[in-house]
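Visitor: Could you walk me through this one, starting with how the two chains meet?

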Amino acid sequence: MNEQAAYLTDKLNAILAGAGTLVPEFLLAIFFLLLITLDLFKSESIKRLLPWLALTGLFSVLALQVLGGYTAATDEPFLNLLVSDGLARYGGILFSAAGIFTVLMALQHRELERLKEGKGEFYALLLILVLGLNLMAKSVNLLMVFLSIETVSIASYILTLTLKQEKRAVEAGLKYILYGALSAGIMLYGMSFFYGFTGTLAYTTEAFALGLVQVDGLLVTIAAILVLAGFFFKISAAPFHFWAPDVYQGAPLPVVALFSTGPKMAGILVILRFVSNFTDATAFADVQLLLGVAAIATLVIGNFTALWQKTPRRLLAYSSVSHAGILLMVLLALGTSYTSSLLFYLTVLLFMNFGIFLVLQVSEQRFGVKSLEDFSGIGRVQPFLGVMAILYVLSLTGLPPLAGFMAKLLVFSNVWEAYTLSGNTMLLTLLILGVLLTGVALFYYIKIPYYLFFKRNQSQEKLVISPSNKLLLALFALPLLVLFFKPDLLLHWIEQLLTQTL
Amino acid sequence: MNNFILSSLIFTPLLAALLVLLLPVRLQQPIKAVALAGTLVQMGLAILLYFNFDGAVLANGQQGYQFVEKVNWIGFTLGSLGRFQIDYFLGVDGISISMVLLTGIVGVIGVISSWTITKNVKGYILLYLLLLTSVMGCFLALDFFLFYLFFEFMLLPMYFLIGIWGGPKREYAAIKFFIYTLVGSLFILLVMIGLYTSVIDPQATAVQMGFAEQSAEAGKAVVAQVQQMLQRNAISSYNLVRTFSIPAMMEPANFIPNSLLHVLSGSVLWDLPLRFIAFLLLFAGFAIKVPSVPVHTWLPDAHVEAPTPISVLLAAILLKVGGYGLIRIVYPIFPDAGAYFAVLVGGLGVLSIIYGALNALAMNDLKKLIAYSSVSHMGFVLLGLASLTVEGVNGAVYMMFSHGLISAMLFLVVGVIYDRAHDRMIHNFRGLAHMMPVYTVFVVIAFFASLGLPGFSGFIAELLVLVGGFGAPEATGLLPRWLTVVAVFGLLLSAAYYLWALQRMFFGKYWIFPGLREKAILTDLTTREYLMLVPLAILALLFGIFPHLLLDKIGLTVTGFTELVLQRGQEQLGLILSTLR
């Protein structure tokens, strides 16, 4: 009895001591509860407040994580489950920014604004999703990873189905759930292997790494494949990318923009922590080869499939797959300090994805764009929208003078450096493919400006774009220019954050 | 001379573009006037620079730059990779001065030629000015990153200028141009990544190590000390400052010892030293731009579809970026591979000369004929460069300059007939000399200048290249003599296609294809056209009769350049081949 009590006291003390590091998550949870509660009221004025409440919550979390200052009494990870290091903190900043952008985009979205039922739900789920992303970035325990991924997934399934009257949304939601459940199962299975190998789920500890070395390499590889399957699903890397085009086609655009950034960023951070166990080139050659093949497959499938797409949504889905390929590629630059390059890439990805999806949202809602051809001539009527589209498209391709180029340059530098260090031909293959596929990427991305400017529009309607949309478009574009001309501003800060462990 | 003339040269068109942006769309004439003013200022600055440039300064590509501007632009640390440094680094030497002057002149001509554009003038002028900014930036940048930025940025304005204001097949031509050049620049990007991760800035590294307070203070002794320490692997990777500076990349002592592009690294890929592969990639990237056979196929399409002023710009200055890149970047950074692949480069040059000329001979479209003549003439640049003799390289630079003037004239001349008849097929016209005598005079001048008649600048260029080529077996031993002999046939062919075209279109009894008779109003040259053609003709003559006007400026740089490249090339080639065995 006493032993039990002592154990309980210890646990409680640990929780209290570590709770300080989880302030952002608590804050998100509080705002979530607040939203759910206020959603119960029927009053219109309260309903109208809900998005702004969500925005306030996300903003305060963003500010909190940018400013820092919340700390724990101990240096231990929270219950050996969650760690609040610089990586998680920067991730948290990106996630809350993604959340804010999603709300801002949703406020411009006609159907979402007119939503009669479940509007509060939408914003509440958004907060839960961001909470889940934060937990993903902080997890150092496989079980916790599973829980947080599932939190994100469940929120994602429902968010996909926000506009229930749309047939495509229902189809997309169903596909998403089926794929998601399958990959979650596979992942859990793999995790059980790792528990068996090492006797621990804390996958960043030394005990875990030591345990792995003692097991047969083949078994580890199989288990790694199983676990990575779940992670790849989240970042939409091949061969687990099949949900992406359908979901991108069916879900409301603010949600799509969030999916193309939030879960992808969190997923890659989880993979980053996970693969740090497999840096030993001799013991884990197979795992590295596997990752390399996955990166190559993702790059090739993403880029080449995008070539044949007729609708902008599917095109961007495959573009998002190809970006997952580049993200995987960074992780293979073992032996170089690739974390800051990765975080820089994620930051740029955030702005350009939200930018291009906002362009798409405006085009869809104002000009009824459904296929690429519907873009015809819009750029001539709306030069501002056209120029912004060009900026985002060029950044996505990775051409100067936009931050997308800088991000790719950093990634490629890391890979080249890793190749210099290890002489691993796979890295060179990856590098060459990564660079040359930019040419392929240009070929499909350029279709958007091509239709915007080269083709003529049949109807000469004069439609206006709201100032708030224009402002948002400029807001997403500005960092892309700034981060090209002064990337060191962000890189310095990232380096600073990364040096602080807790 | 003030210190910011180079920046002013680059950003004057951009400033004009910002002004244009503020003007409302319907003010077409003021928009064009602003563009004209901007380009006139740029030309003025270029001429000012030309006169103030001291041709007596020894330069070799690695040092001896004038009017240098160097400011730290981007600097960041990537953990164990050390610091990365990107500079805003500009300078001119004898090679770039000629290109700057050319860009200044052609920029103005292009605006005058654009006066006939009526469709979406504001957008057109904006893109035109952006294009000029980036081309000028390319010729002045001494930092690879900055160069690459300008190099890539040329694509986009060009893509839209061809794709929106071009002819019937403009979309196809624009995409083809874009994809070709982008693939080329991706090759360049690959090598750029390899280079800047391997090369350090000795001065900045000295500062990082505490040897000097500021990089400008680190003298030769300090630099030598840092370089020695580097080669002994005695500098911690945290102190290394990697750089994009092109002159720093030319110094083998600046390469990090275990980096793959180091001369002694012994790294091979597919049985070729990695440095050779890097050279080939860079060469391919710039050869697309030159363009050299077999990667020239985008050029005829782009030229035929582009509106006249854009064709002028494309032929006169954009193509020169390719040749310039070879001289500024490829050869001095990889002199070993330059020596090793001399026959390949020279051979492709000769192939371009002959194949381009043969194609020109077969063309029915006057503009296509001139596009292929561009391919043919740019082949001389490759041949001259590959010979690595002083005459040959001088000839290559002279060819770029002279071809810039003459091809501008040629495309303007085509534009004149196209404006009037909306057609430019050679077999649709006969005896035009009767209807347009003055125009015919200018056509004759342009054709003769291009085919290398003595007295015109093209003659000097071709002569120098051929002298260099013939001297190469003795002087450098890099090229076999028969290569140059074959190139001479190119001259013959170019005389053939020009004279034949002249005979078919302009001489004989006046006749015009019946379908064109109604639309075509064959008036002679207008004042605007005189304004463009007369200065170009005068310049072509001037630089043909007084070659020292240009050779005095470029001579010493070229001498220094060839010495450096040849000497380093032989040394390093020996080292590389010895590490292989």
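What follows is a short chat about a chain contact and a sheet.

Guide: First, some ground rules: this is a predicted model, where local features need pLDDT of at least 70, side-chain atom pairs count only at pLDDT 80 or more, and totals for chains, interfaces and linings use all residues. Residues are numbered from 1 along each chain as its sequence is written, while chains are lettered from A and ligands numbered from 1 in the order in which they are written.

Visitor: Which helix gives the most to the side of chain B that touches chain A?

Guide: The contact (C-beta atoms, placed from the backbone, within 7 Å) takes 28 residues from chain B and 29 residues from chain A. On the chain B side, strand 1 (66-77), helix 5 (144-153), helix 6 (155-165) and helix 7 (170-196) each give two or more residues; helices (H or I, at least four residues) and strands (E, at least two) are DSSP runs, numbered from the N terminus. With ten residues, the top contributor is helix 7 of chain B.

Visitor: Which strands of chain B stand at the edges of the sheet?

Guide: In chain B, three strands form an open, mixed sheet in the order 1-2-3, where pairing takes at least two DSSP bridges between two strands. Each edge strand has a single partner, so one side of it is left without a neighbour in the sheet; these are strand 1 and strand 3 (241-243) of chain B.

Visitor: What is the bridge partner of B:F84 in strand 3 of chain B?

Guide: Strand 2 (residues 83-92) and strand 3 of chain B pair in the parallel sense, over three bridges. For B:F84, the partner in strand 3 of chain B is B:R242.

Key:
Contact = placed C-beta atoms within 7 Å.
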